[in-house]
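Trainee: I would like to learn how to read a protein model. Could we go through one together?

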Amino acid sequence: RASSALCKAFEDRNWSLIGPANRNHYFVSEQAETGDIVEEAQEFMTSTQSAQLITSWTNLDLADVAVNVRKFEKSCYTLCSDADQKEQTEALDVVLCCPSTDRSWGSDHGGSIHYLDQEGELLNNGTK
């Protein structure tokens, strides 16, 4: 139920498209009203308690937690570069998928996440 409420709150938010087109093309969430469930989720994810819990699960030292609320639709993308690798040595990505409630998500819709090592070699192929 909490995830349903969170997904509904995502639908109700205002979104802005960002770039530059040679690196990014996706939507970022604009500031919502105080008390919004998305804001509460962000506060939880950046809390000391959450960082300690994730550290106990992963052994990653998450002293600085950054939470980005993004929305990807058809034709959206983000690309990595050498500069991205220099900024972070360890990272944990958590993806919450909230398909639109008026249609189901089919495998033919595409969408994947790919990770590269320091030499630029593909670590996964983005499939299940």
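Mentor: We will go from the overall layout to single residues.

Mentor: This is a predicted model, in which local features need pLDDT of at least 70, side-chain atom pairs count only at pLDDT 80 or more, and totals for chains, interfaces and linings use all residues. Residues are numbered from 1 along each chain as its sequence is written, and side-chain values use heavy atoms, with hydrogens and water left out.

Trainee: How many helices and strands are there in the protein?

Mentor: Helices (H or I, at least four residues) and strands (E, at least two) are DSSP runs, numbered from the N terminus. The protein has four helices and four strands, and along the sequence they follow the pattern α-β-β-α-α-β-β-α.

Trainee: What percentage of the residues in the protein is buried?

Mentor: Buried means under 20% relative accessible area, exposed over 50%, and partly exposed in between, with a 1.4 Å probe and protein chains only. Of the 128 residues in the protein, 16% are buried.

Trainee: Which strand does β1 join, and how do the two run?

Mentor: Two strands pair if DSSP finds at least two bridges between them. Here β1 (residues 15-18) is joined to β2 (residues 24-29) by four bridges, and the strands run antiparallel. They form a hairpin with five residues between them. Within the pair, I18 stands opposite Y26 in β2.

Trainee: Where is the cis peptide bond?

Mentor: The cis bond joins G19 and P20, with omega at about 15°. P20 belongs to the loop between β1 and β2.

Trainee: Is N24 buried or exposed?

Mentor: N24 is in strand β2 and counts as buried, because its relative accessibility is 12%. A polar contact is a pair of N or O atoms within 3.5 Å; within protein, one must be able to donate a hydrogen and the other to accept it, and residues adjacent in sequence count only if both atoms are side-chain atoms. The side chains of N24 and T78 make such a polar contact at 2.6 Å. Contact in the wider sense means heavy atoms within 4.5 Å. Leaving aside neighbours within four places in sequence, N24 is in contact with I18, G19, Y77, T78 and L79.

Trainee: Which residues make up the largest nonpolar core?

Mentor: In soluble globular proteins, nonpolar side chains tend to be buried together. A nonpolar core is a set of buried Ala, Val, Leu, Ile, Met, Phe, Trp, Tyr and Cys residues joined through side-chain atoms within 4.5 Å. The largest one here has nine residues: L6, A9, F10, W15, Y26, F27, V38, V69 and C76. The elements giving two or more residues to this core are α1 (2-12) and β2. The largest share, three residues, comes from α1.

Trainee: What is W15 in contact with?

Mentor: Leaving aside neighbours within four places in sequence, W15 is in contact with F10, F27, V28, S29, E30, V69, R70 and K71.

Trainee: Which residues of α3 are buried?

Mentor: In α3, S50, A51 and I54 are buried. They lie on the same side of α3, because they cover an arc of only 100° around the axis. That arc is taken from the directions from the helix axis to the C-beta atoms. The buried residues of α3 pack against α2. On the face turned away from this buried side are the exposed residues T48, Q49, Q52 and S56.

Trainee: Where is S47?

Mentor: S47 is in the loop between α2 (37-45) and α3 (48-58). S47 counts as buried because its relative accessible area is 17%. Its side chain reaches the backbone oxygen of F44 at 2.7 Å.

Trainee: Is D61 buried or exposed?

Mentor: D61 is found in the loop between α3 and β3. D61 counts as exposed, because its relative accessibility is 63%. The C-alpha atoms of D61 and A51 are separated by 8.1 Å, and the two residues are ten apart along the chain.
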